[in-house]
Amino acid sequence: METAKSFDAAAATQAWLATVPADKRKKSDAYFEGGYWLILWNFLLAAGISIFLLASRISARLRDFAERTCRGCRGSCQLPLQVVLYAIPYFLLLAALSFPLTVYENFYREHQYGLATQSFLPWFREQLIGLGVTLIAGTILLIVLYAVFRRAPRTWWIWGTVVMIIFLAALVFIAPVYIEPLFNTYKPITNPAIRDPILAMAQANEIPVKQVLEVDASRQTTRVSANVSGFLGTTRIALNDNLLKQCTLPEIRMVMAHEMGHYVLNHGAKLLTYFGIFILVGFALARFLFEAAVTRWGNKWGVRGIADPAGLPLLVLILSTLVFVLTPLVNTVVRVTEREADAFGINTSREPDGMAEVALKLGAYRKLDPTPLEEFIFFDHPSGRARIRMAMDWKAASLPAAESTAIQSGRTVH
Ligand SMILES: [Zn+2]
């Protein structure tokens, strides 16, 4: 107890951070800070493409083409088919026009910092698979949204929010079963030295799992990571193979306890609720901004109203502007749930040093020691410094071990 009390959490945090060589720190800081600018470039590109499609009347011509093609068909399929004939060329145009930035951000830059493991062709093949998923999911979403826009031209923002929440929940539900296997292989971990300590933590927290999964993330990246995905019956936790290769058992236990925290604290449903509120507010604002823009520029762009697919780039322009402005808020909502998972993780794994070691390893692609304002605006996970400090504060508190409390309560209670 005497030695534990003299433990200085702030000094210990600095000592951990000081173990990272200056050149390594400089490189990961540069990588992460470059990401700040990419948020801006991605927004400007999305806005530029939307304005271009509207002002050049390409969007209106796409709508005209969809209407002409559907003129022959009768009955209830006509309007949904028009949406499909607009949506597919729209998504293809969007992918083509943003391809240069996609290549720079997700291929060239990742290689530049030594984080990518794929050559161009396998990478490009995966981009095409991703585009296929976007075409299918995006088109289904637009068919439903435009049915809502036609039937409820004044209250579409309310029903549209309901559609978006159901769509997001469905996407998260099917992702581990149908989408993630398109890119990676998931298999159970068979090594009992790793599997059993993880299953013990799951058992201690009423998590109904019989296996722990490993994902071959090294196909795409050198990043150390783990994730929880799925919703309701499809929820699963997976460790990536980089983490298994580079981390010790205490570190692995800490990471898995963090992922279990997401599960036990019901973060999937909570984030869906938060995002549902963001979408509702965003759609409510979009309703007024869309009408104002159509009144002013509708004739010039050939956009008739919310139910007209030609107005899709305008809706995307308004919503991507709101998302861009709300970046700090969205990051903070996610970062707060990540901090909750960290607290659950440290209490369950009881591995403060393992937590510090992993925080340093994640520092390969996330700035370790940002200013508080930087962390508020740009971080969707706590920074390395914040995580190490949490671990060292936990260590300094020197909670009694499970065995000693059991003995104490055995003596005092009855
Ligand atoms: Zn997490």
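Visitor: Let's start with Glu375. Which residues is Glu375 in contact with, leaving aside its neighbours within four places in sequence?
Guide: With that set aside, Glu375 is in contact with Arg335, Pro370, Pro382, Ser383, Arg385 and Ala386. Keep in mind that this is a predicted model.

Visitor: Okay, and where does Glu375 lie?
Guide: You'll find Glu375 in helix H16, which covers residues 372-378.

Visitor: Is Glu375 buried or exposed?
Guide: Buried: its relative accessibility is 10%, and the cut-off for buried is under 20%.

Visitor: Switching topic. How do the four strands line up in the open sheet?
Guide: The order is E1-E2-E4-E3, and the pairing is mixed. Strand E1 (186-188) and E3 stand at the edges with a single partner strand each, so one side of each has no neighbour in the sheet. On average, neighbouring strands here are turned by 35° against each other, direction ignored.

Visitor: What about E3 and E4, do they run parallel or antiparallel?
Guide: Antiparallel, with four bridges joining E3 (residues 226-229) to E4 (residues 236-240).

Visitor: Which residue in E4 is the bridge partner of Ala226?
Guide: That's Leu239. Further pairing to look at: Val228 stands opposite Ile237 in E4.

Visitor: How many residues sit between the strands in that hairpin of E3 and E4?
Guide: Six, and in this hairpin Gly230 takes a positive phi near 95°.

Visitor: Which helix lies across E3 and E4?
Guide: Helix H11, residues 249-264, and it runs at about 150° to E4.

Visitor: New spot, then. Where is the place of Leu115?
Guide: Leu115 is in a loop, the one between helix H6 (99-112) and helix H7 (120-151).

Visitor: Why does Leu115 count as buried?
Guide: Because its relative accessibility is 5%, and anything under 20% is called buried.

Visitor: So what does Leu115 touch, not counting residues up to four places away in sequence?
Guide: Leu115 touches Tyr31, Glu110, Gln220, Thr221, Thr222, Arg223 and Tyr365.

Conventions: Residues are numbered from 1 along each chain as its sequence is written. This is a predicted model: local features need pLDDT of at least 70, side-chain atom pairs count only at pLDDT 80 or more; totals for chains, interfaces and linings use all residues. Side-chain values use heavy atoms; hydrogens and water are left out. Helices (H or I, at least four residues) and strands (E, at least two) are DSSP runs, numbered from the N terminus. Buried means under 20% relative accessible area, exposed over 50%, partly exposed in between (1.4 Å probe, protein chains only). Contact means heavy atoms within 4.5 Å. Two strands pair if DSSP finds at least two bridges between them. Axes are lines fitted to C-alpha atoms, for helices over the stretch in contact, and angles run from 0 to 180 degrees between N-to-C directions.
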